[in-house]
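Biologist: I'm new to this one, could you walk me through it?
Modeller: Gladly, let me put it up before we start.
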Amino acid sequence: MLKVVRNRKVRVGVLGAGAWARFAHLPGFARDPRCELVAIADVVPERATEAAAEFRIPHAYASHEELIARADIDVVDVCTPSATHFALAMAALEAGKHVLCEKPVAYDFRETRRAAALARENGLRTKLGFTFRYSPAMQYMKRLIDDGFVGTPFIFNGYEQNSQWIDPSTPLRQADHTADQSVLQVSSLEGYGAPIMDLGHLFMGSRFQQVVGTMKNFIPERVVRATGTMMRMNIDDGDIFIGEFASGAIGSIQTSFVTVGNYPGLEARVYGSKGALICRLVEENGICESLKGATKDQVEFRDIEVTASYYPPGGSSRESWRSLFYANLVSSFITEITDDSVPGAGDFDDGAHVQELINAVERSFRERRWVSIPLGT
Ligand SMILES: NC(=O)c1ccc[n+]([C@@H]2O[C@H](COP(=O)([O-])OP(=O)(O)OC[C@H]3O[C@@H](n4cnc5c(N)ncnc54)[C@H](O)[C@@H]3O)[C@@H](O)[C@H]2O)c1
């Protein structure tokens with residue numbers, strides 16, 4: 001049975017007080033009156049105490065153990081470097097906490113699936129940091145697809161790309177500098193690919209079943225944050241794959257850290273039997289999202305205004321995408337924890353399917369062939 005929180009605020013503990021926690025997660029929790037931030041932990045203790053002061057969090061810790069051990073915490077939010085997610089999420093689930101985790105939960109989809117199963121056994125909700133699923137424009141696009149605007153979906157095109165790391169002197173993080181640099185490491189496909197793959201599954205109402213793809217390292221040497229030096233980093237900083245959905249639809253996804261353009265750099269296109277929708281999440285001229293649509297009878301794409309109810313209180317397309325989208329993500333998770341009639345969405349099960357897709361595209365690249373999903377256990 002689901003552990004529901006009723007008649008009181010949901011109590012939250014956050015692991016990691018780095019950039020993303022401060023720009024997105026903490027403002028999101030601070031904005032939802034149905035929850036309260038109780039504790040924060042960071043292995044660099046000053047970061048935890050600084051964030052605690054800024055967001056008025058009563059308890060700051062230097063380790064995750066102390067935070068997870070608190071009996072009064074309902075939700076653990078894992079916002080630490082990617083390699084630590086799985087161990088921290090499992091520790092929190094074992095302790096009976098609902099878990100929000102940044103992507104990826106684990107690099108291998110089988111581990112993500114294991115975490116999802118543990119959550120189910122313990123009656124706990126999970127949510128992944130699929131930030132862009134919660135953009136008001138993307139949510140409205142999903143609503144229009146469900147209402148039949150595009151008819152039967154035929155083709156999905158997805159992008160997450162920007163020029164965050166086009167300059168080799170921008171310190172690279174979330175990549176293993178100790179890995180064998182003679183082998184290309186999955187990087188953009190996972191870091192940038194996961195959210196747009198998730199949107200592809202969501203919009204098409206179906207998942208990729210066959211894929212073929214390629215990955216490329218364009219910038220051979222970069223400064224790495226962990227070492228502070230310029231070094232060979234054989235990471236995928238650009239990739240493309242095509243695939244077939246179980247429904248019979250087809251799709252393509254392209255991601256890159258080194259393609260000129262602004263943050264966050266997502267575009268999702270769905271073309272169907274009656275119409276087409278294109279949502280862009282690219283901060284331009286102070287606006288972070290736009291939605292356009294066309295129909296068979298009116299083929300010129302026109303702007304579609306997103307209904308106000310899709311924005312969090314006080315939010316608009318002129319707000320920073322980081323806090324705007326995360327406010328909706330947090331709100332969705334708090335609703336799921338306080339109301340057992342609401343189905344979970346964007347949870348570890350969805351994350352396991354996305355991870356399996358990442359693992360399949362990687363296999364396709366390494367073996368130079370089409371790969372079928374499921375990959376097997
Ligand atoms: N969903 C998105 O759109 C999005 C955007 C940016 C970052 N992210 C993800 O968010 C995560 C955090 O990114 P970031 O940019 O804030 O990184 P960061 O390095 O700035 O911050 C991570 C923090 O975690 C702390 N930490 C490390 N191990 C810890 C542990 N065991 N317990 C507690 N704290 C620990 C570090 O000291 C650091 O302060 C990453 O996985 C990243 O990929 C997601």
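Modeller: Pro374 lies in the segment after strand 17 (371–372), where helices (H or I, at least four residues) and strands (E, at least two) are DSSP runs numbered from the N terminus. A cis peptide bond, with omega of about 10°, joins Ile373 and Pro374. This is a predicted model, in which local features need pLDDT of at least 70 and side-chain atom pairs count only at pLDDT 80 or more, while totals for chains, interfaces and linings use all residues. Residues are numbered from 1 along each chain as its sequence is written.

Biologist: Ok, and what joins Lys103 and Pro104?
Modeller: A cis peptide bond, with omega of about -10°, and Pro104 sits in the loop between strand 5 (98–101) and helix 5 (109–121). Most peptide bonds are trans.

Biologist: Is Arg368 buried or exposed?
Modeller: Arg368 counts as exposed because it has 8 C-beta neighbours inside 10 Å; the cut-offs are 20 or more other C-beta atoms within 10 Å for buried, 12 or fewer for exposed, and partly exposed in between, with C-beta atoms placed from the backbone.

Biologist: Now the ligand, which residues come nearest?
Modeller: Of the 26 residues around the ligand, Gly16, Gly18, Trp20, Glu102 and Thr131 come nearest, a residue being near if its C-beta atom, placed from the backbone, lies within 6 Å.

Biologist: Which helix gives the most to that shell?
Modeller: Helix 1 (residues 19–31) does, with 3 residues.
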